[in-house]
Amino acid sequence: MPLWGHKESEAESGRQHGAEARSIPGWLATDPLSGVAGLLNRWAAPVLWEALDEKVTRLLVEDAVERVKLRGAKLKAAGQVGWLFLSALRTVYRKTLTQDAEIRKLRDEVVALQERQLVMKETIESAVTQGDQMEGRCTALAVPVTKQKSRQKPKMPSTVHVRALVRK
């Protein structure tokens with residue numbers, strides 16, 4: 001059962017409350033948290049925390065929370081909502097850390113693969129060069145032998161030799 005006591009699809013909720021977020025300065029309806037901003041806008045006027053817009057640190061958030069002056073039931077309600085958001089933020093933070101570690105690992109793998117590719121390319125180029133050199137040497141050795149054989153008197157074809165051996 002949802003926290004708010006009614007069942008609503010995530011898409012319906014996001015559209016409904018996201019549309020409300022359009023009227024909040026600094027919030028776009030396409031922002032992933034615009035649905036939450038729209039819901040909060042129905043509860044209380046938006047408060048823009050400029051100090052948190054540029055750089056969020058633990059100390060800035062703690063200072064901002066301490067400046068909110070509430071008592072009694074309002075303090076308890078704000079605490080419950082605060083815990084909800086803090087829990088969601090912690091989950092997102094943990095996922096971000098996991099994804100950052102995975103990105104670093106993948107970058108290292110890419111660098112290693114690029115290095116292996118370079119070594120393979122150099123090896124192939126070296127093998128091609130050696131093959132070209134060997135072809136040149138073989139050609140240089142084969143040409144004199146071919147010229148010498150072309151000057152000699154042709155012998156009987158090999159098929160004749162084979163027949164002669166078979167008849168004896």
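D63 is partly exposed, with a relative accessible area of 36% (buried means under 20%, exposed over 50%, partly exposed in between, using a 1.4 Å probe and protein chains only). This is a predicted model, in which local features need pLDDT of at least 70 and side-chain atom pairs count only at pLDDT 80 or more, while totals for chains, interfaces and linings use all residues. Residues are numbered from 1 along each chain as its sequence is written, and side-chain values use heavy atoms, with hydrogens and water left out.

What does D63 pair with? D63 forms a salt bridge with R67, and their closest N and O atoms are 3.4 Å apart. The term stands for a side-chain nitrogen of Lys or Arg within 4 Å of a carboxyl oxygen of Asp or Glu. The two residues lie 4 positions apart in helix α4 (residues 58-67), so about one helical turn separates them. R67 is partly exposed too, at a relative accessible area of 48%.

## Helices and overall packing

Let's step back to the whole chain. It has 6 helices and 0 strands, giving the pattern α-α-α-α-α-α along the sequence. Helices (H or I, at least four residues) and strands (E, at least two) are DSSP runs, numbered from the N terminus.

Of the 168 residues, 7% count as buried. The chain exposes about 15300 Å², with carbon and sulfur atoms supplying 61% of that area; accessible areas come from the Shrake-Rupley method with a 1.4 Å probe, and for residues only the protein chains shown count as cover. Among contacts with a separation of 6 or more, 20% join residues 24 or more positions apart, where contact means heavy atoms within 4.5 Å.

## A nonpolar surface patch

L33, V36, L40, W43, L84 and F85 make a nonpolar surface patch of about 500 Å². Patches are made of residues with over 30% relative accessible area and no salt bridge; like charges are joined within 9 Å, and nonpolar side chains (Val, Leu, Ile, Met, Phe, Trp, Tyr) within 5 Å.

Which helices supply it? At least two residues each come from α2 (34-43) and α5 (72-151), and α2 gives the largest share, 3 residues. L40 sits in helix α2 and is partly exposed, with a relative accessible area of 33%.

## Confidence along the chain

The mean pLDDT of the chain is 76, and 68% of its residues reach 70 or more; pLDDT is the predictor's confidence in each residue, from 0 to 100. Among the elements, α5 has the highest mean (88) and helix α6 (residues 158-167) the lowest (47). Over residues 1-7 the pLDDT is below 50, and this stretch has 6 contacts beyond near neighbours in sequence. Residues 160-168 are also below 50, with 1 such contact in the model.
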